[in-house]
Amino acid sequence: MSKKIDGNVPQGPIEELWDKHRFKMKLVNPANKRKFKIIIVGTGLAGASAASTLAELGYEIDSFCIQDSPRRAHSIAAQGGINAAKNYPNDGDSVWRLFYDTVKGGDYRAREANVYRLAQVANNIIDQCAAQGVPFARDYGGTLANRSFGGAQVSRTFYARGQTGQQLLLGAYSSMMKEVNKGKIKVHTRQEMVELVLVDGKARGIITRNIITGEFEKHSGDAVLLCTGGYGNVYFLSTNAMTSNSSAAWKAYKKGAYFANPCYTQIHPTCIPVHGENQSKLTLMSESLRNDGRVWVPKAKADERKAADIPDEERDYYLERKYPSFGNLVPRDVASRNGKQAVDEGKGVGATKVAVFLDFRDAIKRDGLDTIKEKYGNLFDMYNRITDEDPYSVPMRIYPAVHYTMGGLWVDYHLQTSIPGCFCLGEANFSDHGANRLGASALMQGLADGYFVIPYTLGNYLVTEKPDQNKIDTDHPEFETSLKSAKDRFNKLLGINGGRSVDSFHKELGQYMWEYVGMARNEAGLKTGIKKIAELRAKFWKDVKVTGTNDGINIELEKANRVADFLELGELMARDALERPESCGGHFREESQTDENEALRQDDNFCHVAAWEYTGDNKEPNRNVEELDFPNVPLTQRSYK
Amino acid sequence: MSDKNNMTLNLKIWRQEGANVKGSIVDYRLEGVSPDMSFLEMLDLLNENLINQGQDPVAFDHDCREGICGMCSLMINGQAHGPERETTTCQLHMRKFKDGDTIVIEPWRAKAFPLHKDLMVDRSAFDDIMSAGGYVNVSTGNAQDANSILIGKDKAELAMDAASCIGCAACVASCKNASAMLFVSAKVSQLALLPQGQEEASTRVQNMVSKMDDLGFGNCTNEAECEAQCPKGIKISNISRMNREYLKASVTAHH
Amino acid sequence: MASKLMKTLNSSIVKKQMMAVSGLMLCGFLVSHLIGNCLIYVGAEAFNTYAHTLITNPLIYLAEAILASLFLFHIGMGIRLTVENRKARPDRYFVKQHSGAGATFASATMPYTGLIILAFLIYHLINFKYGPYYTISHGGVEMRDLYRLLIEYFSAPLNVFIYIACMVALGIHLSHGFWSAFQSLGVDHPKYTPCIKLIAKLYAVAMTVGYSALPLYCYLAKGGY
């Protein structure tokens, strides 16, 4: 049963939508705000900014994070920067251009109104962060520095060295700490959300598991904000942190929140390649390296010579060859796909043959060693530390890796999921990046949602739905039911006592995901993938081995709980990819490509959001559809030739 | 580059079941360690072996594994984050060790960091210090245009140097006095260097230092071991700046 | 108000700043004491007259009181800080290694060199200030013959050795302490800090050599006395 769903976007000219809507939305009386308790899960950019801003407004906040401090959420690892259409460099930027680029970059699979609002508030984010003391890069005169990033034609990226995510997160975190000091935020660290509690169809609380004690806790509130990040770890190897997981979002999905476009994953082209079986995670190298590095593979297959021994005429600079105008600076998805293609053809390099070269020889010759050192010294050092190779003298080896997930919980214009009172912010929701996220846009979206969108839309919900008139405490039977179901699940995991470790299942799932739901997908592969994942899931529930008990710290138990959810999500991703036979952005279906092997959209049939609705375990979910229209950014085929 | 699994290590790891239980060093022999593994991947391998033998895996903190979240810790052969300078444990690779090496692995130790289990400690004291004043009191929506606050490049760079602290607490762990001065001074310095932080500069430094003292951290004896073992190379000149700020605040502030 | 003042005085930073100030003042005393001592090289009359002038000035009691309280304060605070710092890590490490780039021998042994200096101080006062009272007349004025006491005392090689050993400990203490005081007081600058560190080393060497030269001089030059 597929339904048409509506994003609740107000009507009117796009430039005025948000301003007019902000006026129309209802306000909570200042004196009443303290009567509302808001549960916020996750303390990344979205969660921390929402927590601090809502606390400033007067709400009582219960904030939860899985790490030992809110400051460690994985937003901290973002390197490149944050976009805003400040047009400080006077190079022709505008809110409209940022909006336009983001919609186009997302390959026309995002909601225009959301993207416009994002572009609008981006400027406020920079102001806000500067006021908090975020040490953005500056020019000599003391004004903010900008750089061009991710192939954008304007310099609109603000940055703090290669640690922009860290600095923005620490800004939001310190803002949170300010409210902790005032008693407005209570931070619950080392807690993992294991259930969403609904009362009368509305989100009224969560069940958490205390990672230190193993105890389950009930927390009630007037609304629940999920700011729990992306699900890239479904691939086992990704640039995500080890504890990044999909479980909170998945619990919401199973309680009725739609999961939108799960197949949209971003594979980043410049990561350090896998070195061996025991590898636990992948490390991203900034995209900026492609400004000076040249990507190549040997023309001959299985060439065993050292890079330096391969003469230029026997090298294939395939990006420059195929895309003469963009060359090595093609968007992430194009670069990634071409890298995989070269490796699949047997032209991969290095001991594992699963890598391509990123060569700085010519840049060093042209600009001198010192210039290159100054620009990329940190990155080269990091590469050297990890691989033990000196990228100044031998080319770097790179390979694509899973980096970001554009899909996530479906939300309307108010960032509310299909469960009333359950909101979803940041990477965890699906809304703003369409099928492909542009560089330096993730930080922008997380902070936009938390600082400048949710404070308005949440207030409107609270006044409209009046959850305060029906105070629910944790003795409510729904809390008991959810608590029991969470406990049962963990006990079940502990009771299996099989023969295989959690990681071995996770690795196997990752292999299937990479193989069948990776960079290039086709019908037969996706069908195989769905089957294999379902089989693996069945095996998991029979044969997983979880050591220890539920009392106290049990890392294996935590992991098992998350992997169990990944095993379900993985299948939904494959299913979503199967049901979207077009190619768009990060989703490439081999059946749908241009003569030049570029992604070919099928706008007549697939210019929509697929919002999956849970219907029961081992039952096919419903694929609900939100139609997208693009009155402001005309649909065109991307070309980087 | 090599994929040879050719190292065997003798590990001496602090095992302690819980906060109120006595712990001890336990010996493990680990084979098949590849020089390309990170230190934490080496521990993953040990844990995989322990799980297969039905034993309790070693609990240790980690998350991003790219050296920025500050979650990983470990005292490795008596040095915070191990022997490599400006490197977190997660970015330390096994090629820095030799086949047959004995490696002693211990948790951070400080009165202010109670132990949870094995190598995991409670560093929430750092959050407590931050909440005492590690911020600019500005609510969302109040901000003026970012370019109306001019900050010279040199100052911005110095502030950024201090701001790159990842809060891992290697400074406390490596200090013979378990002092948190480097951590506190990094935040005090960042905000003292910037115009945004001036209005609250004196209350900030007083409140943060007072919280630090209350939490039971030791005092600074200017040995600079924190600087040497800080994975982000935070300089003790920040401590000096904090001392200056504190002195200024004690002499001039009205409270 | 008083409690706020106490809170400030008890704060970690102010405690070390008080250590720094008292330490630097003692450094000043060391210099003046050394200069006075150098009159030995001029001769008995110069030295004894200088000492006599000092001792007979009524302000000497005030100066000695200040000096004594400086010493006592510096020592007491040092002991207090050491004890507090040890409490900050109740469980010791199984293995602890210096990185090689931070702590030095001098910095790591401050409490011990401090205690050696304390012991020396007591010994020094017993031997000289409260030692044998010889008299001599210079220019018709009866005064204490400290010169003789010194020469006699340093004719014993063991005394020379103990004295010099203690001065080495003092030098080690100063080589960290002098710079450390500036760091504690917040004097730090990319240009001047390296100078201060250099001056600290030179100062430490100067004090050790200066104070060691005296017993050696007494022993070598006047040993046959």
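This report walks through the contacts between the chains of a predicted model, and then looks at some features inside them.

## How the chains meet

Let's start with the overall arrangement. There are 2 pairs of chains in contact, and chains A and B share the most contacts. Chain A and chain C, on the other hand, do not touch. The nearest C-alpha atoms of chain A and chain C are 19 Å apart.

## Where chain A touches chain B

Chain A brings 66 residues to its contact with chain B, and chain B brings 70. On the chain A side, five helices are listed as giving two or more residues: H3 (45–57), H5 (112–132), H6 (164–181), H11 (369–387) and H16 (555–578).

What kinds of residues does chain A present to chain B here? The side of chain A that touches chain B divides into 28 polar, 22 nonpolar and 16 charged residues.

## Where chain C touches chain B

Chain C meets chain B through 35 of its own residues, which are in contact with 36 residues of chain B. The elements of chain C that give two or more residues to this side are helices H2 (12–37), H4 (59–87), H5 (105–108) and H8 (157–185). Which of these elements gives the most? That is H2(C), with 6 residues.

By class, the side of chain C that touches chain B has 14 polar, 13 nonpolar and 8 charged residues.

## A closer look at chain B

Chain B has contacts with chain A and with chain C, and it is worth a visit of its own. Its secondary structure comes to 8 helices and 7 strands. The C-alpha trace of chain B spans about 60 × 40 × 35 Å along its principal axes. Of the 255 residues in chain B, 64% are buried. Among contacts in chain B with a separation of 6 or more, 70% come from residues 24 or more positions apart.

Chain B is divided into two domains: domain 1 covers 7–116, while domain 2 is made of 123–138 and 149–252. The centres of these domains of chain B, taken over C-alpha atoms, are separated by 28 Å. Where they meet, 18 residues of domain 1 are in contact with 18 residues of domain 2. The domain 1 side of this contact has 8 nonpolar, 7 polar and 3 charged residues.

## A buried strand in chain A

Is strand S11 of chain A, residues 265–271, mostly covered or mostly open? Strand S11(A) is mostly covered, with 7 of its 7 residues buried. S11(A) pairs with strand S15 (residues 396–405) of chain A in the antiparallel sense, over 5 bridges. To find this pairing in the structure, look for A:Thr265, which stands opposite A:Thr405 in S15(A).

## Two helices packing in chain C

H2(C) passes H9(C) in a left-handed crossing.

Which residues make this contact? From H2(C) come C:Leu30, C:Leu34 and C:Asn37, and from H9(C) come C:Met207, C:Gly210, C:Tyr211 and C:Leu214. By class, the contact of H2(C) with H9(C) has 5 nonpolar and 2 polar residues, and no charged ones.

Methods
Residues are numbered from 1 along each chain as its sequence is written. Chains are lettered from A and ligands numbered from 1 in the order in which they are written. This is a predicted model: local features need pLDDT of at least 70, side-chain atom pairs count only at pLDDT 80 or more; totals for chains, interfaces and linings use all residues. Two residues are in contact if their C-beta atoms, placed from the backbone, lie within 7 Å. Helices (H or I, at least four residues) and strands (E, at least two) are DSSP runs, numbered from the N terminus. Ala, Val, Leu, Ile, Met, Phe, Trp, Tyr, Cys and Pro count as nonpolar, Asp, Glu, Lys and Arg as charged, and the others, Gly among them, as polar. Domain bounds come from an automatic or database domain assignment. A residue is buried if 20 or more other C-beta atoms lie within 10 Å of its own, exposed if 12 or fewer, and partly exposed in between; C-beta atoms are placed from the backbone. Two strands pair if DSSP finds at least two bridges between them. A crossing is left-handed if the near helix is turned anticlockwise from the far one by less than a right angle, and right-handed if clockwise.
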